[in-house]
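Work through the exercises below with the sequence and the 3D view side by side. Try each task before reading its solution.

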Amino acid sequence: MSKTFKLPEAGLEVVVGKFAGQADGAAWMKHGDNVVLATAVTSTSDREFMGFLPLTVEYREKTSAAGRIPGGYIKREGRLSDTEVLTSRVIDRTVRPLFPADFFNEVQLMVAVYSADGKFPLSVLSIISSSIALSLSSMPFLGPIGAVLACRVDGKIVFNLGIEEDATSDTHILIAGNRDGICMVEGNCELLSEDEMVGIFLAAHEEIKKQVLWQDGIIAECGKPKTRTPSKFDWQHHQAQVDAWVAGNGVAESFFGASKQEQSVQIKHKKELFREAFSKHTEEHGVPNTVLSYMFDVAIKEQLPDLIVKKGHRFDGRGMDDVRAISSEVALLPQVHGSALFQRGQTQALACVTLGTAQDAQKVERLVEGVQERSFMLHYNFPPFSVGEARPVRSVGRREIGHGYLAENSFIKVMPTQTDFPYTVRVVVDILECNGSSSMATTCATTLALMDAGVPLKEMVAGIAMGLVKDSSDNYHVLTDLLGSEDALGLMDFKVTGSDKGIRAIQMDIKAKKGLSRELLQTALVRAKGAREYILEEMRKTLSAPRPEISDRAPKVTQLNIPVDKIGVVIGPSGKVIKEIIAQTDTQIDIEDDGSVRIYAKDTSAARRAEQWIRVLVGDIQDGAVFNGVIKRFAEFGLFVELVPGKDGLLHVSSISKEKQKNLTQLYRVNDVLRVKVVSSDPETGRIKLFAPDLAPAGEK
């Protein structure tokens, strides 16, 4: 039976029971002319235990939703775009922690955009509709959850702006949470302070609680009873036995005072002893080795926080607020335009910068906005050797896209404008070694590499990852500069990037079911600021400002403006003229509709020749300009010299010495090169008067 529920103050409407009737849960969500459908399905048959929740989230934007047909040769949706991957990730990161720790059924959550007008953030609709679909199903989802997009316009925080309004905002932060607190944060901002950021979290949570209360009513009326596939064994009983063995054999102690590689060896040895000790247990109770191995890991995660608190330091001997040792260097790679190596502990990132022309910008097809260009790109790679693994290397994964996006977000508002720095900039970061916080090392390496390339950044940016553990007394402890193993056992992964002046980008995942208090969030942000400032000081020891000049290997750019009505003259019929200029000068030339012209060349003289050519064509010839012209014709009253193809000037006989007038045709021939200087030019008639120093009378050179 179809039912419609509305939340008027938020403009939200959901239809339940009409669409996708065979899914476990489905929600047809609307806001204005925006429509998304979220469906949730879980497996009912047993399958081999995988050791984690096999949750798949797929967000799709159908181009028909905006009344368009996909560009290119293939006219149907193919692989997910980066936008679809990123939205899938924020949904996944929001809902995954809200399943019971011992729930391992396969879950597939699909969100499809069927109508979009660009006047409301689709990510917000997708998260809320996902929450309703999961909450209505029989799955033990610990929701509901809500979401808002926080923006700041003229210093005021507003929520859920459309695309056009959001363009005027200097803050773009997606925040999701439940009735108890914030669960997920993702976005960038213009130098927000720590207090301002916490204020945004709290204001967003008030809006989220209204959405959650609304969903409670929907679930009470239409929700299915929650069911669980009966377990084949008593989890609590077996977990207690595993806990006792792990504690009695000092497994957690193996993490302290050892490198990541040594930890792996020691834990592997302990796990082998564990399997031997529980071999009879497996036979008698039918508990698979994969389940016992999972319980082994759970026991370690539960025991490590107490051990950290007891010892008063972390695995590598650091205090709770200490940053690992930092080193960095630049200009490692002689042929690239800029490079940097950044190392923090056992995490190492190599960044390479390439400066390209406007034609190198990436064309991206957006759902509502259509085709747009990206002049700054940051690509993050995580090869298996970085963590000592040997596994197949396939196409870029969702994690790599997400980490690259977080780092790229940090530079959106510190990169120079295209007017000030008319280059397409691509950064490629390879993680060569990893023990946590690789995305933050990526941010630091990128800053140094961009400055090494001579990109005039507005300020330096650094990043830090914060964590949180809870001991058996329910006390929370904030950890600065997370290790990989600490991330796995903690309740929070909180990444913050920025400068000395404020926050630039933020990403937070909360694994705690009830969110975090204001005090904990404030503490984490304040400590992140201190760590960020320390890292920036270490980076400044290597390079403290952008290099004054770009690499000799990068293309040089010359900018000029021509009258709009002269653009056709420069381009020529079917692009004939502009193609000839490019071919003969070995340059790249971009002309915009407003008459702005950019000339890219590795050779300065080639750029100068292309510029002169264009200026002559549009009649912008400066008196005194010098050309290596080509003699085209002799006449009784002088010489016609071609300054650029199709444009001649007159060298009058009166400016030639008497001696050289007598045997001029013997000294020069047609197509000979002659250095000439412009005396005057008439834009109306197009006539150009020239002077040749080599032919001038004595005393006039």
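**Exercise 1. State how many aromatic pairs the structure holds, then classify the pair Phe-99 and Phe-103.**

Solution. The structure holds 15 aromatic pairs. Rings of Phe, Tyr and Trp (its six-membered ring) pair if their centres lie within 6.5 Å; planes under 30 degrees apart count as stacked, over 60 as edge-to-face and the rest as tilted. For Phe-99 and Phe-103 the centres are 5.6 Å apart and the planes make 10°, so the pair is stacked.

This is a predicted model: local features need pLDDT of at least 70, side-chain atom pairs count only at pLDDT 80 or more, and totals for chains, interfaces and linings use all residues. Residues are numbered from 1 along each chain as its sequence is written, and side-chain values use heavy atoms, with hydrogens and water left out.

**Exercise 2. Classify the pair Phe-421 and Tyr-423, and decide whether Phe-421 is buried or exposed.**

Solution. Step one: the centres of Phe-421 and Tyr-423 are 4.7 Å apart, with 45° between the planes, which makes the pair tilted. Step two: buried means under 20% relative accessible area, exposed over 50%, partly exposed in between (1.4 Å probe, protein chains only). Phe-421 has a relative accessible area of 7% and is therefore buried. Tyr-423 is buried too, at 4%.

**Exercise 3. Which charged residue lies over the face of Phe-382?**

Solution. A charge sits over a ring if NZ of Lys or CZ of Arg is within 6 Å of the ring centre and within 35 degrees of the ring normal. Arg-399 lies over the face of Phe-382, at 4.2 Å from the ring centre. Another case is Lys-311, over the face of Phe-256 at 5.1 Å.

**Exercise 4. Give the strand order of the open sheet of 8 strands, and name its edge strands.**

Solution. Helices (H or I, at least four residues) and strands (E, at least two) are DSSP runs, numbered from the N terminus. Two strands pair if DSSP finds at least two bridges between them. The order is E8-E7-E9-E10-E21-E20-E18-E19, with antiparallel pairing. The edge strands E8 (156–159) and E19 (476–480) each pair on one side only.

**Exercise 5. Over how many bridges do E20 and E21 pair?**

Solution. Strand E20 (residues 492–498) and strand E21 (residues 503–510) pair in the antiparallel sense over 7 bridges. Gly-498 stands opposite Ile-503 in E21.
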